[in-house]
Amino acid sequence: MQRKYFGLIPLILVIIVFFSCKNEEYSVPLGKTGLNNDCIKRTLGPNIVGNNIEFAYAMAIPALEGKIVSAQVVASIAGAPATYLENRSFYTNASGVDVGITVGSPSVNTDNKTMVTFTKDTCASTLRYFYSIPEAARGQSVTFTFSAISSNGQTVSYEMGPYAIVKMDMKLDLVATDNKACYISIADMAIYDAATAAANADKIDLVYLYRAITGLTFNHALASPAATEYLPGITLPAGVSKSTKMSKTWALNDFNLARLQYGIYIDDADFKVIDFTNAPNFVINLKAQAGAWVETADGKYRAYIYINSVNNATSSMTVSIKRYLMK
Amino acid sequence: MTIISLILITLVWVRCAKDFPVDEDGLLITSRAQCYVSNFELLGADFQTVRTAAAVIDTTALTINTIVLYGTDLKNLYPQFSLVTDAKLDPKITGKVDFSDLTNPKKYTVISGNRQVKKTYTVYITVQPKP
């Protein structure tokens with residue numbers, strides 16, 4: 001009774017093999033017709049006033065249908081004057097170098113619109129757009145509308161954003177030198193010498209010094225004017241006396257400040273959560289890639305000071321600062 | 001019938017096997033009675049060591065002596081204890097610890113794996129003097 005079904009097994013196998021081995025008809029995929037576009041954002045991390053947000057905008061139309069006439073970007077908040085849309089389309093050569101081919105006239109900014117008019121017979125191009133973040137955008141959101149027009153009258157557009165523009169400020173590569181330009185102002189994001197510090201005494205938050213003391217690891221230090229024990233040999237300018245809270249860090253290599261390979265970004269939110277309870281008013285033995293969270297005596301500003309480099313021979317330190325207005 | 005009886009007996013045996021005992025922290029209570037600190041570390045707010053040399057641990061006197069760098073921020077330190085196998089520490093270290101009151105040194109109790117032995121260590125910190 002059961003054995004009569006065994007004869008069906010080879011038949012089922014043959015059917016399975018037959019169907020599984022059936023060739024699928026291949027057809028060459030058809031390209032899209034008409035004018036098409038696409039866009040990516042190339043920059044990462046917080047969008048800081050004064051920095052660029054970079055995009056790559058691609059547009060293409062089949063050669064038989066026409067050519068690209070123009071490309072433009074409209075930002076919801078007009079960019080700073082340095083905003084531009086590349087008039088070159090890039091390709092990467094065999095050596096890995098991006099080579100630009102001019103396809104249009106240099107971009108023109110009109111209010112919040114940036115436009116490139118094509119001058120070459122081009123049916124496919126990728127243009128980079130650099131939006132220089134203006135002061136007017138601080139704390140706001142920005143959106144972008146990329147669009148292109150082809151010779152056959154077609155128009156395409158691509159929306160990007162919204163992107164939040166952070167409130168923080170940033171200053172890069174400030175050089176502090178022991179006993180010279182060593183008075184750091186968070187309010188001004190600047191480093192002053194004694195004479196200028198005396199004139200801006202209410203703005204001086206920190207003093208940089210370098211001491212090679214035998215038996216101690218003092219070295220490069222940042223100390224509040226009030227932390228006199230950690231300011232050996234320093235006579236403060238008149239009126240410089242603030243106590244600034246600090247918290248030492250190591251290897252917090254913010255990408256914007258360090259410009260190293262690490263994908264770490266300090267954002268507005270980070271400043272709000274730092275706990276300065278019981279924080280000291282000095283940090284000593286600082287090395288390159290160390291840093292310090294800082295809160296000014298009046299609580300108005302919080303900042304992150306990153307040590308880009310130190311130099312024992314010249315008793316100097318290069319720092320980069322991100323600063324956030326708390327109140 | 002015999003097989004069913006065997007399965008039933010097995011189930012009952014497995015069900016009634018004594019669970020591994022755990023303490024109030026959900027940690028396994030073992031038979032180990034050893035109770036000591038094997039290593040001690042102190043990290044600053046930047047998670048780098050603040051010691052000038054290895055801490056001296058006296059398992060008889062139940063003391064830990066360590067010298068920290070000049071300028072160490074004693075209010076914001078992260079102590080790290082290495083304990084003998086299965087032991088635990090009381091109080092638990094959950095974040096920064098304030099060691100600035102040098103006249104009242106911090107005390108930490110090591111509790112053995114069998115939770116029967118308790119030894120309280122005192123952490124003495126000395127700040128490297130300025131020459």
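Student: To start, what is the strand order in the open sheet of 5 strands in chain A?
Tutor: The order is 14-13-15-16-18, with antiparallel pairing; strands here are DSSP runs (E, at least two residues) numbered from the N terminus, and two of them pair if DSSP finds at least two bridges between them. Please keep in mind that this is a predicted model, in which local features need pLDDT of at least 70, side-chain atom pairs count only at pLDDT 80 or more, and totals for chains, interfaces and linings use all residues. Residues are numbered from 1 along each chain as its sequence is written, while chains are lettered from A and ligands numbered from 1 in the order in which they are written.

Student: OK, and which strands pair over 5 bridges?
Tutor: Those are strand 15 (residues 206-211) and strand 16 (residues 219-223) of chain A, in the antiparallel sense, and Tyr210(A) stands opposite His220(A) in strand 16 of chain A.

Student: Switching topic, which strands pair with strand 9 of chain A?
Tutor: Strand 2 (residues 52-60) of chain A pairs with strand 9 (residues 124-132) in the antiparallel sense over 9 bridges, and there Met59(A) has Ser125(A) as its bridge partner. Strand 4 (residues 84-85) of chain A also pairs with strand 9 in the antiparallel sense, over 2 bridges, with Leu85(A) opposite Tyr129(A).

Student: And how many residues does each chain give to the contact?
Tutor: Chain A gives 15 residues and chain B gives 15 residues, where two residues are in contact if their C-beta atoms, placed from the backbone, lie within 7 Å.

Student: Which strand of chain A gives the most there?
Tutor: Strand 17 of chain A does, with 4 residues.
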